[in-house]
Amino acid sequence: MAEQSDLEFLRDVAASGQHAPSLSGRFFVWWGGLAAPALLAHWSIMTGLIGVPGQFVGLVWLAYGVIGMIGSALLGRSLRGKPGRGAVNNRGEAAAWRGVTWTIAAYAIGAVIANLLGRGHPILFDTIPLVAFAGYGLSFHISAQLGGARWMHGAAVLAWLASGIGLSLTGTPGLYLFSAATVGLLAIIPGVVLLRREPAAEAG
């Protein structure tokens, strides 16, 4: 397959001296640190735990998207001066995660529009985290193929399993509790690990 050949080529280039420690840790922590509380808030609202009307769920996710994008842009600027930013693995990894981010955004916006037009079903919103986990798996897989840490192979498998297992929880508040825990496992913890392994900024 052409895609596999391309990945193998990029992996060989990375192994030939253009590989550098991953610089994606701050993005993992940022997005995971936003998503986990948002998912918990969604669960709390849907279960009536905090006595907030269900329509406030939309505001939670609107805030998540706006704050997330602004923060992500600022974090991108913070990478200036970091050694290895132009390495093949970091460029490939950044492209993969960027593509997943826009895929999730497009799917979520499509679900909103479908419901506004009366052509969708509220269950569509429950599938958004599952689409996200499938995307996580794809990005982890690509990162691992480009020379990433060995644990990324396992993270990819866990992400795909979470995407499939979560289907059995759609239509229940428990999906959001499950998703919050999964985000902690697949985003926050890996993010902290990657941050600890980042190289120091280049000397001026």
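**View 1. Confidence and overall make-up of the predicted chain.** In this predicted model, confidence in the protein chain is highest in helix α7, at a mean of 97, and lowest in helix α1 (residues 2-18), at 57. That confidence is pLDDT, the predictor's score for each residue, from 0 to 100. The chain mean is 88, and 89% of residues reach 70 or more. Where pLDDT is low, the predicted coordinates should not be read in detail. The protein chain has 8 helices and 0 strands. Helices (H or I, at least four residues) and strands (E, at least two) are DSSP runs, numbered from the N terminus. Buried residues make up 36% of the 204 in the chain. Buried means under 20% relative accessible area, exposed over 50%, and partly exposed in between (1.4 Å probe, protein chains only).

View 2. Helix α7 (residues 151-165) has 15 residues. From first C-alpha to last it reaches 21 Å, close to the 21 Å expected at 1.5 Å a residue. The expected span is 1.5 Å times one less than the number of residues. Its buried residues are Met152, Ala155, Ala156, Ala159, Ala162 and Ser163. They cover an arc of only 130 degrees around the axis, so they lie on the same side of α7. The arc is taken from the directions from the helix axis to the C-beta atoms. These buried residues pack against α4 (88-116), α6 (128-145) and α8 (174-197).

**View 3. The Phe28–Trp97 pair.** The structure holds 8 aromatic pairs. One of them joins Phe28 and Trp97, edge-to-face, at 5.0 Å centre to centre and 70 degrees between the planes. Phe28 lies in helix α2 (residues 25-46) and Trp97 in helix α4, so the pair ties together parts 69 residues apart in sequence. Both Phe28 and Trp97 are buried. Rings of Phe, Tyr and Trp (its six-membered ring) pair if their centres lie within 6.5 Å; planes under 30 degrees apart count as stacked, over 60 as edge-to-face and the rest as tilted.

**View 4. Phe133 and Tyr136 in helix α6.** Both residues lie in α6, 3 residues apart, about one turn of the helix. Phe133 is buried, with a relative accessible area of 2%. Tyr136 also counts as buried, at 12%. Phe28, Trp97, Phe133, Tyr136, Phe140 and Trp151 form one aromatic cluster.

**Notes.** Residues are numbered from 1 along each chain as its sequence is written, and side-chain values use heavy atoms, leaving out hydrogens and water. In this predicted model, local features need pLDDT of at least 70 and side-chain atom pairs count only at pLDDT 80 or more, while totals for chains, interfaces and linings use all residues.

Conventions. Contact means heavy atoms within 4.5 Å.
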